[in-house]
Amino acid sequence: MAADVVFRSRRVVLPSGVAAASVVVCDGVITAVESFDYVATGVHCIDIGDSALMPGLVDTHVHLNDPGRSEWEGFASGTLAAAAGGITTLVDMPLNSVPATTTLAGLEAKRAAAHGNCTVDVGFWGGVVPGNTSELEPLWDGGVLGFKCFLSPPGVEEFEHVDAPDLVRALPILARLGAPLLVHAELPSHLVLAADGDPRCYATYLATRPDAAEVEAVRLLIDLCRETRVRMHVVHVASEHVLPLLRAASAEGLPFTAETCPHYLHFECDGIADGGTAYKCAPPIRSASNRDALWAGLIDGALDLIASDHSPSPPSLKCVDDGTFLNAWGGIASLQLALPVVWSDARARGVTLHQVATWMCEAPARLAGLPAKGVIAPGRDADFVVFDPDAEWTVDARRLHHRHKLTPYDGESLTGAVRATYLRGEIVHTDAVASAHGRLLNRTEDGIPWNSHN
């Protein structure tokens, strides 16, 4: 069989489980998965021994903020951080850039900013905002992989939140197009605008965003999904009280999925010190028992995937000087750390690498409609991460590739380290090497994405 290179490992994470195998690659595509002792005469073999060979991660929830707010994060720094974290494909969220990706012109501005600046492959979500229903089909025809909306204000004037009537106008269009809708699910009517208490205390912030805001938003979305059959996906589930609704929607057979994020699976609210605004995000980090329930939801299938929700900002916007939670920007920088953070806690709970790859590779690729991504199998892109699941290390934020180094993970002791990242068989990141091989991902009318060179 034709081959350019063979990747060999005693721990290859395959769709069927983890096994010793050789992965044969030709022209950037996997052509076969053979036994560990497979030999191809004259073909270069990369033997990674006992390190795990995983599919490249697919992160479907990333804010790169370029153009317009590249001082928060841009394509160059963000995609380099992604590669260093084993992410080979990411999908950029439609807000925090100027212009937002709510029009075809906004999408074109995004692509222009990304052109030539991506270490990994990048796709784009379009936005649903009040009054842009006429833009939804042009955005879909222009190649976005789906759409995102907020039910509560996101904090930037370029991307307004929608209410139920806005969704009623937009959903028939999305149903006709077959496009998924990703939703930030918190209802404004349940948020508390003014809270009593010390503004430097995390509990004061936590009280402003109760579980009910998430629960009632998800209840509304399930009703709308039932009526329209639009494929809906709830981003960053933080409340355990959402899980029974998700289980019921699945049992009903609705096209309804949900994700959670590394910070909800790792941190708990009682461990957040006064003034620790690096931890602020929305929805908020909740209790330790809530965290355990989210892990249970992943394991039993109530939650479908894990995405980073990498949402960085300059330290000044995080109010690091005075530590006031109510004024700080909500968002956690985590793109480079998502895999080792999740694996550290997964391993402690007896969760396997195969399960982690399902949540962080296969399921996100399915959500975004990227059939070439997410698993190690013939016909898929040769996107790999070489991962040492036994390595123990401590996060030093100064060594991260994010535009800004402020992260709540600074000083955290983690297990599992990314040793190298390959995109279509080409190395894009090691400790010593990084290169921009990424492409901009698009979508064709039959739902199979096409790749145009960056």
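**View 1. The lining of the second largest pocket and the share given by strand 16.** Strand 16 gives three residues, the largest share of the lining of the second largest pocket. This is a predicted model, in which local features need pLDDT of at least 70, side-chain atom pairs count only at pLDDT 80 or more, and totals for chains, interfaces and linings use all residues. Residues are numbered from 1 along each chain as its sequence is written, and side-chain values use heavy atoms, with hydrogens and water left out. Strands (E, at least two residues) and helices (H or I, at least four residues) are DSSP runs, numbered from the N terminus. The second largest pocket has a volume of about 480 Å³. Of its 18 lining residues, Gln336, Trp393, Arg399, Val418 and Asp431 are the closest to the centre. Two or more residues of this lining come from strand 15 (384-394) and from strand 16 (413-423). A pocket is an open set of points on a 1 Å grid over the protein atoms alone, where a 1.4 Å probe fits, with protein on both sides within 12 Å along at least five of seven lines; lining residues have an atom within 4 Å of a point. Grid points are joined across faces, edges and corners, and the volume is the space filled by probe spheres set on the points. By type, the lining of the second largest pocket holds eight nonpolar, six polar and four charged residues. Here Ala, Val, Leu, Ile, Met, Phe, Trp, Tyr, Cys and Pro count as nonpolar, Asp, Glu, Lys and Arg as charged, and the others, Gly among them, as polar.

**View 2. The largest pocket.** The volume of the largest pocket is about 650 Å³. Among the 29 residues that line the largest pocket, Pro153, Pro154, Gly155, Arg209 and Ala282 are the closest to its centre. Its lining comprises 15 nonpolar, ten polar and four charged residues.

View 3. Six strands form an open sheet with parallel pairing, in the order 9-10-11-12-13-14. Strand 9 (126-127) and strand 14 (305-306) are at the edges with a single partner strand each, so one side of each has no neighbour in the sheet. Two strands pair if DSSP finds at least two bridges between them. Strand 13 (residues 256-260) pairs with strand 14 in the parallel sense over two bridges, and Thr260 stands opposite Ile306 of strand 14. Helix 6 (residues 211-228) lies across strand 11 (181-184), strand 12 (232-234) and strand 13, and runs at about 170° to strand 12. Such angles run from 0 to 180 degrees between N-to-C directions of axes, which are lines fitted to C-alpha atoms, for helices over the stretch in contact.

**View 4. His233 in strand 12.** His233 lies in strand 12 and counts as buried because its relative accessibility is 1%. Buried means under 20% relative accessible area, exposed over 50%, and partly exposed in between (1.4 Å probe, protein chains only). Leaving aside residues up to four places away in sequence, His233 touches Leu181, Leu182, Val183, Thr257, Ala258, Glu259, Leu305 and Leu367; contact means heavy atoms within 4.5 Å.

**View 5. Helix 1 and its neighbours.** Helix 1 (residues 75-84) is mostly covered, with eight of its ten residues buried. The buried residues of helix 1 pack against strand 7 (87-92), helix 2 (104-114), strand 8 (121-124), strand 16 and strand 17 (426-429). After helix 1 comes Gly86, whose phi is positive, near 85°.
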